[in-house]
Amino acid sequence: MSGGPRFQAAAREQGVRPIFGVNLALRDAGLDGRLALLVTSRVGYQNLCALVTIAKAKVTKEQAREGLASVTLAELAAHRAGLVAMLTAADVPLAGLALRRFDREAALRWSRAIVGVFGRDDAVVELTRHQHRPEERRTQRLVALARHLGVNAVATGDVRYARESDATLHDVFACIRERTTVDRAGRLLLPHHGWHLRSEESTRRSFRDLPAALREAERLAERCAFTLDNLGYELPDYGSLTPEEMSARLYELTMTKARERYRPEHPKAWAQLRKELGLIERLGFAGYFLIVWDIVEFCRTSGILVQGRGSAANSAVCYSLGITAVDPVEMDLLFERFLSEERGEWPDIDLDLPSGEQRERVIQYVFGRYGERGAAMTANVITYRARSAMREVGRALGMPEEVLSKVSRQLHHLHGAAPEALDERVASAGLDALDRRVSLWLSLGRQIEDLPRHLGQHSGGVVIARGRLDHVVPVEPAAMEGRRVIQWDKDDCAAMGMLKIDLLGLGMMAVLEEVFATVPTVDGGRESSIASVPANDPKTYAMIQAADTVGVFQIESRAQMATLPRLKPSTFYDLVVEVALIRPGPIVGKMVHPYIARRAGREDVTYPHPDLEPVLKRTLGIPLFQEQLMRVSMVAADFTGGEAEELRRAMGSRRSAAKMARIVGRLREGMTRNGYAQADQEQIIRGITSFSEYGFPESHSASFALLAYASAYLRAHYPATFTGALLNHWPMGFYHPATLIRDAQRHGVRVLPIDVTRSCWNCSREGDPGEQRLRLGMRFVGGMRESTGRAIEAARAQSAFTSLEDFRRRASPDRSELEALAELGALRFTDREKPWHRREALWQVRALEAMPRGIFDGAAGPRAEVPVRAMRLTERVAADLERSGVTVGPHPMRFVREALRGEGVLSSAELGLARHASAVSVAGVVITRQRPGSAKGFFFLTLEDEHGVINAIVSPALYRDQRALLVTAGVLKIHGVVQHQEGVLSVKAIRAEAVSLSAEVEALALPPSHDFH
């Protein structure tokens, strides 16, 4: 049922009435087969959803994929109302009807069971004809079977694909599903290419000898009149309150909370609140706001950090209730972006929560509050991207695995690219694009891009319903225990009028929550929260202006860092602009450089029309936000808030050029009516269309900017605690833990190695409050189980470990964990004044493992002379990187610095002293690679050495010439020209080469780079 809403929309676009149904497996009392169930009414649809839910609940996700989900006869009988059962030619018991020898009794037993449940009026037999001899033998026997049972036979097309030209693609999908190739598929594929849609004339000609079957098909189609417009979905009431009581409750609660938010009295805020509350009451949405507030209140009382974002940040009601943290009255945000009377649809409130266990607590709270059949997660339709499309089609066509791997490695940033780019990648793998199989591979790979691949679980979307959600859409167990998911994604839910609340896990929220818990007086004594972080902190803004933002939410990417010194944010609204500026819309619309030039005073601030100055003044005449698009239409053309939102949506949709043209026509009419000159109209419309498709909402940007400022403040004032939290919640952000540790060390944090006598599972700050000392946690010991790490913590809390034997007895690590700790130098005990060196510790571990556990536990272990030398520095760093992925020792580039210096290669520290436009050579470990679609083919590298980072810019021509090296090398040397531009330092590459490394350095397990994100 997952394709239902999109199927209905597509059918209506073609002027066709959709018919809904499913193929369902029945396994019971010796019966084993599939039948088609067609919906004739809303009751039938509810029963069908319930049956699919029952079937899915019995099996795992993997078993469901294997077709093992099924129902029993009793379950079918209990949900038969409003359904028609079709005995299809594909039913297992009936398939044998095509053979000369078949089990007639099995076919009759199966058919009689179905007719016994549904009766002769609601059971039919399907007839198909595709000019295939075995099929015709089966069709004649099905006609006889229908007469024997006393039920009608129905003529169908048994359509598998739309056009005859789609047959090859259908074969490939069949091979993907069956995990085979077209060469080996055999009878898994259809015998010929005739299973496509046919005209009415062709169908009537095929069944001219069975006119009754055609008439029954028409009659059955008329019976199946149900559409998804009549789902009967309703939002749960808040408690047992009536609509009037919910509105009164919301009003009272909002005004009480507003008096805490708005101090002193704020007339503009009260007026806005009354306006919003009035609209919410008229639309009947009070219960929705109370439901969201209830979730936020659960978070608050449970100590879970929460912040609403999205268009909800435009609402003073949401701000007053504590759902959002940005004051929309102070920021003059447009409420109609969030809710308007014309739209009359559910508003969209997203809640950011700490990722991991805290978010799961909130999800389970919602599940518990609304019941097993009242709440579930939304699905996520995963589509084919270039990489997955080429790999899976290639496998179906029998392409060698090594070729698939070689090509797919180069496709992660090619989605939607021109065909020539894909041809180039295939040619670079040594393949001939004119070869028939390779050509077919390329063609089919392009065809399936953006088609659905599988159904996943949305990251945080939750739907709730009054009554049974499984009467609206099938519900099934999710892969994660304790979760359940519906079969529609968030867009389908919106199209069907269902309420979705996004409970989104955000790594930075988890980081902030951890830091606030560790530093409870961050704001001078009040409760620590995002809203209580001191505003306008000079140290924080100085750090941001210097682009010193590794690990800071939203402004840590290469592009953001390249903009910060030029924009020089000094206020919160500057950060709001910064977050929105480095987005596809402003970049594609060529608004970034004009905005920065105007801010720097190099370009005059102008407006498309004097009337628009109040709308665009804060962004210096440059439209950056969706809300500005809406306000422009309201000022220039007298659009209502609802019409302005309709304009925003139409401009953001590639699917309805006609709708967009109609709205632009109304926009022109309004501007003409208000006396706007033709030239001004053209400029305004160009401004709208150039950024609206990608335009970022001001409310989103404000919510993100708040998190960016809070994370920057904590990094500036509590670098050790902040870095520890980042490491504890990785993966997140742009940078590997190795880079985060280097950055902390450069900021005066003393990062201490893993030590079983001091380390916890998580990284933790050590020393007095003023000291910046961070102890690495055992979570970075490769292969260590969290249970072992927690056991070490618990045992150490009782008493210090006195020896290796004592440690093994009380903490119970396994052999691999002990060896990893030894190689990391983490085994330090009170029985030794001088700790073992790493090889000595490893020797002692292996000697101890040779001793049997039990009677000798607690006794002194072997203390023989250890005939091994200590590791050299490079070997210790290599062991760190191999066993944990990080090191507190020297950066790998330090080991080759002397040789590089002899070649004239500059470090990142020396690069800053080089003159603008001078020729330089630099080298470093590659930590990021980016090639954004908006960059016109330019490729960006970030290199890291022992002193910092170096940004390199690679032209499209150089990227084409040296792509293999640039994409795969772990350490690179770049020859180029240094560029100093408005405080931004970079190297424009002329040539790249691999760095010559000694065997010892070559063996270092360098952290992986963050590529093409």
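**Close-up views of a predicted model**

**View 1. E819 and the residues it touches.** Not counting residues up to four places away in sequence, E819 touches L842, V845, R846 and R883 (contact means heavy atoms within 4.5 Å). E819 itself sits in helix α37, residues 815-823; helices (H or I, at least four residues) and strands (E, at least two) are DSSP runs, numbered from the N terminus. With 12% relative accessibility, E819 counts as buried; buried means under 20% relative accessible area, exposed over 50%, and partly exposed in between (1.4 Å probe, protein chains only). A word on the model, for this view and the rest: it's predicted, so local features need pLDDT of at least 70 and side-chain atom pairs count only at pLDDT 80 or more, while totals for chains, interfaces and linings use all residues. Residues are numbered from 1 along each chain as its sequence is written, and side-chain values use heavy atoms, with hydrogens and water left out.

**View 2. Aromatic rings that pair up.** The count comes to 19 aromatic pairs; rings of Phe, Tyr and Trp (its six-membered ring) pair if their centres lie within 6.5 Å, with planes under 30 degrees apart counting as stacked, over 60 as edge-to-face and the rest as tilted. Take F20 and F226: their ring centres are 6.4 Å apart and their planes are at 75°, so this pair is edge-to-face. F20 is in the loop between α1 (4-13) and β1 (21-28), and F226 is in the loop between α10 (211-223) and α11 (243-261), so the pair ties together parts that are 206 residues apart in sequence. F20 is buried, at 5% relative accessible area, and F226 counts as buried at 5% relative accessibility. F335 and F338 make another pair, with centres 6.0 Å apart and planes at 65°, so they are edge-to-face too.

**View 3. Arginines over ring faces.** R484 lies over the face of F367, 4.2 Å from the ring centre. R666 does likewise over the face of F639, at 5.7 Å from the ring centre. For a charge to sit over a ring, NZ of Lys or CZ of Arg has to be within 6 Å of the ring centre and within 35 degrees of the ring normal.

**View 4. Inside the largest cavity.** This cavity has a volume of about 120 Å³, and 15 residues line it, with A738, T739, H891, E944 and P1007 nearest its centre. The largest share, three residues, comes from α34. On a 1 Å grid over the protein atoms alone, a cavity is a set of points where a 1.4 Å probe fits but cannot get out, and lining residues have an atom within 4 Å of a point.

**View 5. Q545 at the end of its helix numbering.** Q545 is found in helix α22, residues 538-545, and is partly exposed, with a relative accessible area of 28%. Its C-alpha atom is 5.5 Å from that of L564, 19 residues apart along the chain. Leaving aside neighbours within four places in sequence, Q545 is in contact with L564, P565, K568, P569 and S570.

**View 6. I114 and its contacts.** I114 lies in helix α6, residues 104-118, and is buried, with a relative accessible area of 0%. Leaving aside neighbours within four places in sequence, I114 is in contact with L26, L35, A85 and L87.

How values were computed:
On a 1 Å grid over the protein atoms alone, a cavity is a set of points where a 1.4 Å probe fits but cannot get out, and a pocket is an open set with protein on both sides within 12 Å along at least five of seven lines; lining residues have an atom within 4 Å of a point. Grid points are joined across faces, edges and corners, and a volume is the space filled by probe spheres set on the points.
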